[in-house]
Amino acid sequence: MPNAQTKSVSDKPVIRENVNLAPLNTLGVEAVARRFVEIDHPNQLRQLHDDGFFDRQIPIVLGGGSNLLFLNRPDRPVLKMSVSGRDIEAREDGSVLLKAGAGENWHQLVKHSIEKGLGGIENLALIPGTVGAAPIQNIGAYGVELKDVFHNLTAFEIETGKFRTYTAAECNFGYRDSIFKRELKNQVIVCDVTLQLTKNAHDLNVDYKGLNDHLESKKISDPTIKDIFNSVVEIRRAKLPDPSDIGNAGSFFKNPVLSEEQFETLRSNYPEMPSYKVGDDEYKIPAAWLIEKAGWKGKRVGNVGTYKNQALVIVNHGGATGEEIYNHALKIQESVRNTFDIDLRPEVNIVGNES
Ligand SMILES: Cc1cc2nc3c(=O)[nH]c(=O)nc-3n(C[C@H](O)[C@H](O)[C@H](O)COP(=O)(O)OP(=O)(O)OC[C@H]3O[C@@H](n4cnc5c(N)ncnc54)[C@H](O)[C@@H]3O)c2cc1C
(Lines give C-alpha, C1' and ligand atoms only; values in the text may rest on other atoms or scores of the structure.)
Protein backbone atom coordinates (compact mmCIF):
# COMPACT_ATOMS: atom_id res chain seq x y z
CA MET A 1 0.00 0.00 0.00
CA PRO A 2 2.91 2.40 0.33
CA ASN A 3 2.33 5.59 -1.63
CA ALA A 4 3.44 9.20 -1.57
CA GLN A 5 1.75 9.84 1.78
CA THR A 6 3.65 7.14 3.65
CA LYS A 7 7.04 7.52 5.26
CA SER A 8 10.07 6.07 3.57
CA VAL A 9 10.75 2.38 4.01
CA SER A 10 14.01 3.01 5.83
CA ASP A 11 12.43 4.99 8.70
CA LYS A 12 13.15 2.88 11.73
CA PRO A 13 10.16 2.61 14.08
CA VAL A 14 10.69 4.61 17.25
CA ILE A 15 9.84 2.85 20.50
CA ARG A 16 8.65 5.33 23.10
CA GLU A 17 8.15 4.78 26.81
CA ASN A 18 5.31 5.78 29.14
CA VAL A 19 2.91 7.06 26.50
CA ASN A 20 -0.46 8.39 27.68
CA LEU A 21 -3.25 6.41 26.00
CA ALA A 22 -6.15 8.59 27.22
CA PRO A 23 -6.35 10.63 23.98
CA LEU A 24 -6.00 7.41 21.97
CA ASN A 25 -9.16 5.66 23.20
CA THR A 26 -12.65 7.07 22.69
CA LEU A 27 -13.79 6.05 26.18
CA GLY A 28 -11.15 8.51 27.38
CA VAL A 29 -9.81 6.07 29.97
CA GLU A 30 -6.49 6.96 31.58
CA ALA A 31 -3.84 4.36 30.85
CA VAL A 32 -0.14 4.55 30.18
CA ALA A 33 1.70 2.28 27.76
CA ARG A 34 5.09 1.20 29.10
CA ARG A 35 6.25 0.81 25.50
CA PHE A 36 4.58 2.32 22.43
CA VAL A 37 5.41 2.20 18.76
CA GLU A 38 3.61 3.82 15.83
CA ILE A 39 3.78 2.15 12.42
CA ASP A 40 3.57 4.30 9.28
CA HIS A 41 4.79 1.72 6.80
CA PRO A 42 4.22 -2.08 6.78
CA ASN A 43 7.96 -2.73 6.33
CA GLN A 44 8.53 -1.29 9.79
CA LEU A 45 6.76 -4.37 11.15
CA ARG A 46 9.39 -6.54 9.52
CA GLN A 47 12.12 -4.35 11.03
CA LEU A 48 10.58 -4.82 14.47
CA HIS A 49 10.42 -8.55 13.85
CA ASP A 50 14.09 -8.69 12.82
CA ASP A 51 15.03 -6.67 15.92
CA GLY A 52 13.29 -9.25 18.15
CA PHE A 53 10.55 -6.83 19.26
CA PHE A 54 7.87 -9.52 19.05
CA ASP A 55 9.96 -12.18 20.81
CA ARG A 56 9.42 -10.65 24.22
CA GLN A 57 5.70 -9.81 24.20
CA ILE A 58 2.86 -9.76 21.70
CA PRO A 59 1.72 -6.14 21.35
CA ILE A 60 -1.77 -4.72 21.74
CA VAL A 61 -2.63 -3.44 18.28
CA LEU A 62 -4.33 -0.06 18.36
CA GLY A 63 -6.30 1.65 15.60
CA GLY A 64 -8.56 4.54 16.57
CA GLY A 65 -9.24 3.10 20.03
CA SER A 66 -13.01 3.24 19.52
CA ASN A 67 -13.74 -0.38 20.32
CA LEU A 68 -11.56 -1.15 23.28
CA LEU A 69 -11.46 -0.67 27.01
CA PHE A 70 -8.13 -0.47 28.81
CA LEU A 71 -8.74 -2.13 32.18
CA ASN A 72 -5.44 -1.06 33.65
CA ARG A 73 -1.90 -0.10 32.70
CA PRO A 74 -1.08 -2.46 29.84
CA ASP A 75 1.92 -4.70 30.38
CA ARG A 76 2.15 -5.50 26.71
CA PRO A 77 3.58 -2.91 24.33
CA VAL A 78 1.05 -0.91 22.32
CA LEU A 79 1.51 -0.84 18.55
CA LYS A 80 -0.51 1.84 16.78
CA MET A 81 -1.25 1.21 13.11
CA SER A 82 -1.05 4.48 11.17
CA VAL A 83 -0.32 3.17 7.66
CA SER A 84 -2.01 5.50 5.18
CA GLY A 85 -2.72 5.34 1.45
CA ARG A 86 -5.67 4.76 -0.88
CA ASP A 87 -5.75 3.15 -4.28
CA ILE A 88 -8.58 2.61 -6.79
CA GLU A 89 -8.53 -0.03 -9.52
CA ALA A 90 -11.29 -0.49 -12.12
CA ARG A 91 -12.11 -4.08 -13.05
CA GLU A 92 -13.37 -5.55 -16.27
CA ASP A 93 -16.67 -6.62 -14.72
CA GLY A 94 -17.47 -2.95 -14.00
CA SER A 95 -16.75 -3.15 -10.29
CA VAL A 96 -13.97 -1.20 -8.58
CA LEU A 97 -11.40 -2.28 -6.02
CA LEU A 98 -10.72 0.30 -3.33
CA LYS A 99 -7.63 -0.48 -1.28
CA ALA A 100 -6.75 1.50 1.85
CA GLY A 101 -4.00 1.44 4.46
CA ALA A 102 -4.90 0.15 7.92
CA GLY A 103 -4.43 3.55 9.54
CA GLU A 104 -6.83 5.40 7.23
CA ASN A 105 -9.91 6.80 8.96
CA TRP A 106 -12.91 4.62 8.10
CA HIS A 107 -15.46 7.42 7.75
CA GLN A 108 -13.11 9.45 5.54
CA LEU A 109 -12.80 6.39 3.29
CA VAL A 110 -16.60 6.11 3.07
CA LYS A 111 -16.78 9.83 2.19
CA HIS A 112 -14.08 9.36 -0.43
CA SER A 113 -15.99 6.46 -2.00
CA ILE A 114 -19.15 8.60 -2.25
CA GLU A 115 -17.17 11.44 -3.84
CA LYS A 116 -15.86 8.95 -6.41
CA GLY A 117 -19.39 7.62 -7.06
CA LEU A 118 -18.58 4.20 -5.63
CA GLY A 119 -21.37 2.26 -3.94
CA GLY A 120 -21.35 -0.37 -1.20
CA ILE A 121 -20.26 1.28 2.05
CA GLU A 122 -22.66 4.26 2.23
CA ASN A 123 -24.63 2.55 5.06
CA LEU A 124 -21.40 2.31 7.08
CA ALA A 125 -20.86 6.08 7.29
CA LEU A 126 -19.70 7.68 10.53
CA ILE A 127 -18.46 4.49 12.19
CA PRO A 128 -15.43 5.70 14.16
CA GLY A 129 -12.04 4.06 13.83
CA THR A 130 -9.61 2.85 11.26
CA VAL A 131 -9.77 0.75 8.11
CA GLY A 132 -7.49 -1.92 9.64
CA ALA A 133 -9.89 -2.58 12.51
CA ALA A 134 -12.98 -2.83 10.27
CA PRO A 135 -12.51 -6.54 9.46
CA ILE A 136 -11.63 -7.47 13.05
CA GLN A 137 -15.25 -7.30 14.16
CA ASN A 138 -16.77 -7.16 10.67
CA ILE A 139 -18.24 -3.71 11.30
CA GLY A 140 -21.88 -3.32 10.46
CA ALA A 141 -24.70 -0.82 10.52
CA TYR A 142 -28.06 -0.16 8.85
CA GLY A 143 -28.32 -3.55 7.18
CA VAL A 144 -24.78 -3.73 5.74
CA GLU A 145 -21.65 -5.43 7.06
CA LEU A 146 -18.05 -5.11 5.91
CA LYS A 147 -18.17 -8.70 4.64
CA ASP A 148 -20.71 -7.63 1.97
CA VAL A 149 -18.04 -5.57 0.17
CA PHE A 150 -14.84 -7.16 1.42
CA HIS A 151 -12.37 -8.40 -1.22
CA ASN A 152 -9.19 -9.20 0.71
CA LEU A 153 -6.66 -7.87 3.20
CA THR A 154 -2.95 -8.02 3.76
CA ALA A 155 -1.79 -8.95 7.23
CA PHE A 156 1.58 -9.29 8.89
CA GLU A 157 2.12 -12.58 10.70
CA ILE A 158 3.82 -11.79 13.99
CA GLU A 159 5.46 -15.20 14.38
CA THR A 160 6.86 -15.66 10.89
CA GLY A 161 7.47 -12.00 10.05
CA LYS A 162 5.77 -12.52 6.68
CA PHE A 163 2.92 -10.73 4.92
CA ARG A 164 -0.10 -12.79 3.87
CA THR A 165 -3.28 -12.14 1.94
CA TYR A 166 -6.62 -13.24 3.42
CA THR A 167 -9.71 -13.70 1.25
CA ALA A 168 -13.23 -13.16 2.58
CA ALA A 169 -13.72 -16.91 3.05
CA GLU A 170 -10.50 -17.11 5.09
CA CYS A 171 -11.61 -14.28 7.37
CA ASN A 172 -14.59 -16.34 8.57
CA PHE A 173 -16.76 -13.28 9.12
CA GLY A 174 -19.77 -13.48 11.42
CA TYR A 175 -21.92 -11.04 13.37
CA ARG A 176 -19.32 -8.63 14.87
CA ASP A 177 -16.87 -11.45 14.52
CA SER A 178 -14.04 -12.81 12.40
CA ILE A 179 -11.12 -15.22 12.56
CA PHE A 180 -9.04 -12.31 13.93
CA LYS A 181 -11.06 -12.31 17.16
CA ARG A 182 -10.72 -16.08 17.49
CA GLU A 183 -8.12 -18.43 16.00
CA LEU A 184 -5.83 -15.60 14.87
CA LYS A 185 -6.28 -13.35 17.91
CA ASN A 186 -2.99 -11.57 18.69
CA GLN A 187 -1.30 -13.32 15.78
CA VAL A 188 -1.66 -10.96 12.83
CA ILE A 189 -1.63 -7.23 12.18
CA VAL A 190 -3.83 -5.95 9.37
CA CYS A 191 -1.84 -3.66 7.05
CA ASP A 192 -4.38 -2.87 4.32
CA VAL A 193 -7.91 -3.78 3.28
CA THR A 194 -9.39 -3.99 -0.23
CA LEU A 195 -13.11 -3.54 -0.85
CA GLN A 196 -15.05 -4.41 -3.99
CA LEU A 197 -17.45 -1.56 -4.76
CA THR A 198 -19.90 -0.75 -7.52
CA LYS A 199 -19.35 2.01 -10.06
CA ASN A 200 -22.77 1.74 -11.68
CA ALA A 201 -25.93 -0.23 -10.91
CA HIS A 202 -25.46 0.19 -7.17
CA ASP A 203 -27.03 -2.48 -5.03
CA LEU A 204 -28.68 -0.15 -2.50
CA ASN A 205 -29.75 -1.44 0.88
CA VAL A 206 -32.57 0.59 2.42
CA ASP A 207 -34.40 -2.26 4.16
CA TYR A 208 -33.35 -1.19 7.64
CA LYS A 209 -36.42 0.36 9.21
CA GLY A 210 -34.83 3.45 10.74
CA LEU A 211 -33.11 4.28 7.46
CA ASN A 212 -36.22 3.66 5.40
CA ASP A 213 -38.32 5.86 7.70
CA HIS A 214 -35.74 8.62 7.53
CA LEU A 215 -35.66 8.58 3.72
CA GLU A 216 -39.47 8.63 3.63
CA SER A 217 -39.56 11.58 6.03
CA LYS A 218 -37.31 13.41 3.55
CA LYS A 219 -39.61 12.35 0.70
CA ILE A 220 -36.75 10.52 -1.02
CA SER A 221 -38.28 7.59 -2.90
CA ASP A 222 -35.41 6.84 -5.29
CA PRO A 223 -32.28 7.39 -3.15
CA THR A 224 -28.73 7.75 -4.46
CA ILE A 225 -25.70 6.48 -2.55
CA LYS A 226 -25.19 10.07 -1.39
CA ASP A 227 -28.78 10.26 -0.04
CA ILE A 228 -28.16 7.09 1.95
CA PHE A 229 -24.80 8.38 3.22
CA ASN A 230 -26.40 11.69 4.31
CA SER A 231 -29.32 9.93 5.99
CA VAL A 232 -27.07 7.55 7.92
CA VAL A 233 -24.93 10.49 9.07
CA GLU A 234 -28.03 12.41 10.22
CA ILE A 235 -29.55 9.44 12.05
CA ARG A 236 -26.29 8.59 13.78
CA ARG A 237 -25.62 12.20 14.83
CA ALA A 238 -29.08 12.37 16.44
CA LYS A 239 -28.85 9.00 18.17
CA LEU A 240 -25.28 8.31 19.23
CA PRO A 241 -23.02 10.30 21.53
CA ASP A 242 -19.99 11.88 19.88
CA PRO A 243 -16.87 10.58 21.69
CA SER A 244 -15.35 14.07 21.50
CA ASP A 245 -18.26 15.28 23.71
CA ILE A 246 -18.63 12.27 25.98
CA GLY A 247 -16.37 9.23 26.19
CA ASN A 248 -17.87 6.04 24.80
CA ALA A 249 -17.07 3.05 22.60
CA GLY A 250 -20.41 2.76 20.79
CA SER A 251 -22.44 -0.38 21.50
CA PHE A 252 -20.85 -1.99 24.52
CA PHE A 253 -22.62 -5.36 24.03
CA LYS A 254 -23.60 -7.46 21.04
CA ASN A 255 -27.26 -8.13 20.33
CA PRO A 256 -27.95 -11.65 21.63
CA VAL A 257 -29.11 -14.32 19.19
CA LEU A 258 -31.66 -16.75 20.66
CA SER A 259 -32.88 -20.16 19.58
CA GLU A 260 -36.56 -20.43 18.60
CA GLU A 261 -37.35 -22.13 21.92
CA GLN A 262 -35.65 -19.45 24.06
CA PHE A 263 -37.27 -16.77 21.93
CA GLU A 264 -40.81 -18.19 22.27
CA THR A 265 -40.45 -18.58 26.05
CA LEU A 266 -39.33 -14.98 26.40
CA ARG A 267 -41.94 -13.65 24.02
CA SER A 268 -44.73 -15.24 26.01
CA ASN A 269 -43.63 -13.08 28.96
CA TYR A 270 -42.82 -9.97 26.89
CA PRO A 271 -45.10 -9.89 23.82
CA GLU A 272 -43.91 -6.36 22.99
CA MET A 273 -40.24 -7.46 22.73
CA PRO A 274 -38.68 -6.40 19.40
CA SER A 275 -36.85 -9.11 17.43
CA TYR A 276 -35.36 -9.91 14.01
CA LYS A 277 -35.33 -13.38 12.49
CA VAL A 278 -31.71 -14.09 11.51
CA GLY A 279 -31.73 -17.72 10.50
CA ASP A 280 -34.26 -20.49 10.02
CA ASP A 281 -34.75 -20.78 13.75
CA GLU A 282 -32.77 -17.95 15.35
CA TYR A 283 -33.82 -14.51 16.53
CA LYS A 284 -31.75 -11.44 17.32
CA ILE A 285 -32.99 -9.32 20.22
CA PRO A 286 -31.84 -5.69 20.58
CA ALA A 287 -29.56 -5.62 23.63
CA ALA A 288 -30.59 -1.97 24.06
CA TRP A 289 -34.20 -3.06 24.71
CA LEU A 290 -33.11 -5.65 27.30
CA ILE A 291 -30.87 -3.12 29.09
CA GLU A 292 -33.56 -0.47 29.06
CA LYS A 293 -36.18 -2.91 30.37
CA ALA A 294 -33.75 -3.91 33.14
CA GLY A 295 -33.76 -0.25 34.20
CA TRP A 296 -30.34 0.94 33.03
CA LYS A 297 -31.15 3.51 30.34
CA GLY A 298 -29.70 6.89 31.31
CA LYS A 299 -28.61 5.55 34.72
CA ARG A 300 -25.45 7.01 36.21
CA VAL A 301 -23.29 5.43 38.89
CA GLY A 302 -20.36 7.66 39.86
CA ASN A 303 -18.41 8.61 36.76
CA VAL A 304 -19.99 5.94 34.56
CA GLY A 305 -23.41 5.78 33.01
CA THR A 306 -25.59 4.41 30.29
CA TYR A 307 -26.39 6.91 27.54
CA LYS A 308 -29.72 8.68 27.90
CA ASN A 309 -30.77 8.12 24.27
CA GLN A 310 -29.28 4.66 23.69
CA ALA A 311 -29.04 2.13 26.51
CA LEU A 312 -26.45 0.03 24.68
CA VAL A 313 -23.81 2.74 25.00
CA ILE A 314 -21.82 3.00 28.22
CA VAL A 315 -20.45 6.49 28.74
CA ASN A 316 -17.60 7.98 30.73
CA HIS A 317 -19.00 11.12 32.38
CA GLY A 318 -15.44 12.14 33.14
CA GLY A 319 -12.58 10.59 35.06
CA ALA A 320 -13.90 7.02 35.02
CA THR A 321 -11.24 4.33 35.28
CA GLY A 322 -11.24 1.25 33.07
CA GLU A 323 -12.23 -0.84 36.07
CA GLU A 324 -15.20 1.39 36.93
CA ILE A 325 -16.48 1.05 33.37
CA TYR A 326 -15.89 -2.68 33.40
CA ASN A 327 -17.74 -3.09 36.71
CA HIS A 328 -20.65 -1.06 35.36
CA ALA A 329 -20.80 -3.42 32.37
CA LEU A 330 -20.72 -6.44 34.70
CA LYS A 331 -23.66 -5.04 36.67
CA ILE A 332 -25.67 -4.56 33.48
CA GLN A 333 -24.85 -8.11 32.40
CA GLU A 334 -25.92 -9.49 35.78
CA SER A 335 -29.14 -7.53 35.78
CA VAL A 336 -30.07 -8.68 32.22
CA ARG A 337 -29.22 -12.26 33.17
CA ASN A 338 -31.42 -12.10 36.29
CA THR A 339 -34.32 -10.50 34.42
CA PHE A 340 -34.28 -12.40 31.11
CA ASP A 341 -31.89 -15.34 31.59
CA ILE A 342 -29.79 -13.97 28.71
CA ASP A 343 -26.00 -13.57 28.75
CA LEU A 344 -24.90 -10.35 27.08
CA ARG A 345 -21.49 -10.59 25.42
CA PRO A 346 -19.29 -7.50 25.14
CA GLU A 347 -18.72 -6.11 21.67
CA VAL A 348 -15.95 -3.91 23.04
CA ASN A 349 -12.51 -5.54 23.36
CA ILE A 350 -11.50 -5.59 27.02
CA VAL A 351 -7.73 -5.16 27.20
CA GLY A 352 -6.13 -6.36 30.40
CA ASN A 353 -8.11 -9.43 31.36
CA GLU A 354 -7.22 -11.65 28.43
CA SER A 355 -5.32 -14.85 28.98
C1 LIG B 1 -19.89 6.32 18.74
C2 LIG B 1 -19.50 4.96 18.21
C3 LIG B 1 -20.32 4.31 17.31
C4 LIG B 1 -19.98 3.05 16.80
N5 LIG B 1 -20.80 2.45 15.89
C6 LIG B 1 -20.48 1.24 15.38
C7 LIG B 1 -21.32 0.62 14.40
O8 LIG B 1 -22.34 1.16 14.00
N9 LIG B 1 -20.95 -0.60 13.93
C10 LIG B 1 -19.81 -1.21 14.34
O11 LIG B 1 -19.53 -2.31 13.84
N12 LIG B 1 -18.98 -0.64 15.24
C13 LIG B 1 -19.29 0.56 15.77
N14 LIG B 1 -18.47 1.14 16.71
C15 LIG B 1 -17.24 0.44 17.15
C16 LIG B 1 -15.97 0.86 16.39
O17 LIG B 1 -16.16 2.06 15.71
C18 LIG B 1 -15.54 -0.21 15.39
O19 LIG B 1 -15.37 -1.45 16.02
C20 LIG B 1 -14.23 0.14 14.68
O21 LIG B 1 -13.96 -0.78 13.65
C22 LIG B 1 -13.05 0.19 15.64
O23 LIG B 1 -11.96 0.76 14.95
P24 LIG B 1 -10.69 1.28 15.73
O25 LIG B 1 -9.66 1.61 14.72
O26 LIG B 1 -11.07 2.36 16.66
O27 LIG B 1 -10.27 -0.03 16.50
P28 LIG B 1 -9.59 -0.16 17.95
O29 LIG B 1 -10.60 0.20 19.00
O30 LIG B 1 -8.31 0.57 18.00
O31 LIG B 1 -9.32 -1.73 17.99
C32 LIG B 1 -10.41 -2.63 18.01
C33 LIG B 1 -9.85 -4.06 17.98
O34 LIG B 1 -9.22 -4.31 16.74
C35 LIG B 1 -7.83 -4.59 16.91
N36 LIG B 1 -7.13 -3.90 15.81
C37 LIG B 1 -7.22 -2.59 15.48
N38 LIG B 1 -6.49 -2.34 14.38
C39 LIG B 1 -5.94 -3.51 14.00
C40 LIG B 1 -5.07 -3.91 12.94
N41 LIG B 1 -4.63 -3.04 12.02
N42 LIG B 1 -4.68 -5.21 12.87
C43 LIG B 1 -5.10 -6.11 13.80
N44 LIG B 1 -5.93 -5.80 14.82
C45 LIG B 1 -6.34 -4.51 14.92
C46 LIG B 1 -7.47 -4.06 18.29
O47 LIG B 1 -6.39 -4.77 18.84
C48 LIG B 1 -8.78 -4.30 19.04
O49 LIG B 1 -8.87 -5.64 19.45
C50 LIG B 1 -18.78 2.41 17.23
C51 LIG B 1 -17.94 3.08 18.14
C52 LIG B 1 -18.28 4.34 18.63
C53 LIG B 1 -17.37 5.05 19.59
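## Ligand contacts

An oxygen atom of the ligand lies 2.7 Å from a polar backbone atom of G64. This falls under the polar contact rule, a pair of N or O atoms within 3.5 Å; within protein, one atom must be able to donate a hydrogen and the other to accept it, and residues adjacent in sequence count only if both atoms are side-chain atoms. A nitrogen atom of the ligand is 2.8 Å from a polar backbone atom of V190. At R176 the side chain takes part: one of its N or O atoms is 3.4 Å from an oxygen atom of the ligand. Taken alone, the ligand exposes 980 Å², and the protein buries 92% of that (Shrake-Rupley method, 1.4 Å probe; for residues, only the protein chains shown count as cover).

The model is predicted: local features need pLDDT of at least 70 and side-chain atom pairs count only at pLDDT 80 or more, while totals for chains, interfaces and linings use all residues. Residues are numbered from 1 along each chain as its sequence is written, and side-chain values use heavy atoms, with hydrogens and water left out.

## The shell around the ligand

The ligand is surrounded by 33 residues, where a residue is near a molecule if one of its heavy atoms lies within 4 Å of it. The closest are V61, G64, S66, T130 and R236. By class, the shell has 16 nonpolar, 14 polar and 3 charged residues (Ala, Val, Leu, Ile, Met, Phe, Trp, Tyr, Cys and Pro count as nonpolar, Asp, Glu, Lys and Arg as charged, and the others, Gly among them, as polar).

Strands β3 (60-62), β8 (140-141), β12 (188-198) and β13 (247-251) each supply at least two residues of this shell. Helices (H or I, at least four residues) and strands (E, at least two) are DSSP runs, numbered from the N terminus.

## Aromatic pairs

The model has 11 aromatic pairs; rings of Phe, Tyr and Trp (its six-membered ring) pair if their centres lie within 6.5 Å, with planes under 30 degrees apart counted as stacked, over 60 as edge-to-face and the rest as tilted. The F54 and F156 rings have centres 5.9 Å apart and planes at 40 degrees, so this pair is tilted. F54 is in helix α2 (residues 53-56) and F156 in strand β10 (residues 150-157), 102 residues apart. Both F54 and F156 are buried (under 20% relative accessible area; exposed is over 50%, partly exposed in between; 1.4 Å probe, protein chains only). F54 and F156 also belong to one aromatic cluster with F53 and F163.

W289 and F340 form a tilted pair, 5.9 Å centre to centre with 45 degrees between the planes. W289 lies in helix α8 (residues 287-293) and F340 in helix α9 (residues 322-340), so the pair ties together parts that are 51 residues apart in sequence. W289 counts as buried at 15% relative accessibility, and F340 is buried at 5%.

## Charges over rings

K284 lies over the face of Y175, 3.7 Å from the ring centre. K299 lies over the face of W296, at 4.6 Å from the ring centre. The rule requires NZ of Lys or CZ of Arg within 6 Å of the ring centre and within 35 degrees of the ring normal.

## Other buried residues

Q137 lies in the loop between α3 (106-115) and β8. Q137 is buried, with a relative accessible area of 9%, and its side chain makes a polar contact of 3.1 Å with the side chain of E347.

V37, in strand β2 (residues 32-39), is buried with a relative accessible area of 1%. V37 and S217 are 180 residues apart in sequence and 48 Å apart in space, C-alpha to C-alpha.
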